[in-house]
Amino acid sequence: MRIAVSGSIAHDHLMTFPGRFADQLVGDQLHTVSLSFLVDSLEVRRGGVAANICFGMGQLGASPILVGAAGADFEEYRAWLDRHGVDTASVRISELLHTARFVCTTDAAHNQIGSFYTGAMSEARLIELQSVARRVGGLDLVHIGADDPEAMLRHTEECRTRGIPFAADFSQQLARMEGEEIRTLTEGAAYLFHNEYEKALVESKTGWSADEVLARVGTRVTTLGPRGVRIERAGRETIEVAAPQEEAKADPTGVGDAFRAGFLAGLAWGTSLERSAQVGCMVATLVIETVGTQEYTLHRGPFMERFAKAYGMDAADEVRAHLR
């Protein structure tokens, strides 16, 4: 199964604040906030939702195809992704703009404040999925993640026109989208990804009930943080998968991308939705234990040992047959 992952490619600047953001906010002055946080550390990491997802899929041996736009400063990043099993030949390189930047501060309670500079990402709208499909011999699924909004719309419409199944995943772009855009991006999706808050926001902005959303998509995947994930399909029994026990909480950045990497890898292998979600939850656990979205190493032995402990030997035997 050939899966293309479209979305942002970025460099992450991750900082930690030893206090709590909430303690610095004055209730009657929220209309005129002016705050500066003295942080304890700075980590400059590779990031962007599409690149993060592809890195995880590459670690699992699922051979993802990265679709997005970056700047001339992407070459070292490209070499890193190539070395970890990602097909980067469909990345567009801007002649004018730098690769996007994500700047994020995390407090002691794991709350986050972030800013995102789009840079070269604005040129993602110029990428034609048909040229990607022709190069790799066809596409079985396109995951449309947070990206230049116009690119997200164009990729969605192209998938519909060409009959390519697609997954809708608004992520960070959901806050700026209006109801009509969300409805356009959702209608007919094979998969719809979001967390609990984003689920409520989708329903609020579109005016659709939960049942109406399910009637418009094939599978709705809602991540539940430490409680795992819920998978819903119209007229089918809901699937709930618990998250494995984590060994530490180092940094929550990129945990959602890691889940998607594991889930999409499971789909590429042809495993069930439940098994795919279990793989996603296991990869997400590795990421929350690591600072940086692509700094974890997936060693087959330890991964399968923890997977078996969380989900049982039968599940582990099935996954082990696919994991390279």
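The expected span of a helix is 1.5 Å times one less than its number of residues. Helices here are DSSP runs of H or I with at least four residues, strands are runs of E with at least two, and both are numbered from the N terminus.

Colleagues, what we have before us is a predicted model, in which local features need pLDDT of at least 70, side-chain atom pairs count only at pLDDT 80 or more, and totals for chains, interfaces and linings use all residues. Residues are numbered from 1 along each chain as its sequence is written, and side-chain values use heavy atoms, with hydrogens and water left out.

I begin with helix α4, residues 149-162. Its 14 residues reach 20 Å from the first C-alpha to the last, close to the 20 Å expected at 1.5 Å a residue. Which residues of α4 are buried? They are P149, A151, M152, L153, H155, T156, E158 and C159, where buried means under 20% relative accessible area, exposed over 50%, and partly exposed in between, with a 1.4 Å probe and protein chains only. These buried residues pack against β1 (3-6), β4 (65-67), α3, β9 (141-144), β10 (166-168) and α5 (179-186). Just after α4, G163 takes a positive phi of about 70 degrees.

That brings me to backbone angles. Most residues other than glycine have a negative phi. H110, however, is not a glycine and has a positive phi of about 65 degrees; this histidine lies in the loop between β7 (100-106) and β8 (112-117). H110 counts as partly exposed because its relative accessible area is 33%. S171, also not a glycine, has a positive phi near 50 degrees. S171 sits in the loop between β10 and α5, and its relative accessibility is 18%, so it counts as buried.

Next, R135, in helix α3 (residues 129-136). Its relative accessible area of 39% makes R135 partly exposed. Setting aside residues up to four places away in sequence, R135 touches I65, D87, A89 and S90, a contact being heavy atoms within 4.5 Å.

Finally, the surface. L25, L30, V33 and L35 form a nonpolar patch with about 350 Å² of accessible area together. Accessible areas come from the Shrake-Rupley method with a 1.4 Å probe, and for residues only the protein chains shown count as cover. Patches take residues with over 30% relative accessible area and no salt bridge, joining like charges within 9 Å and nonpolar side chains (Val, Leu, Ile, Met, Phe, Trp, Tyr) within 5 Å; a salt bridge is a side-chain nitrogen of Lys or Arg within 4 Å of a carboxyl oxygen of Asp or Glu.
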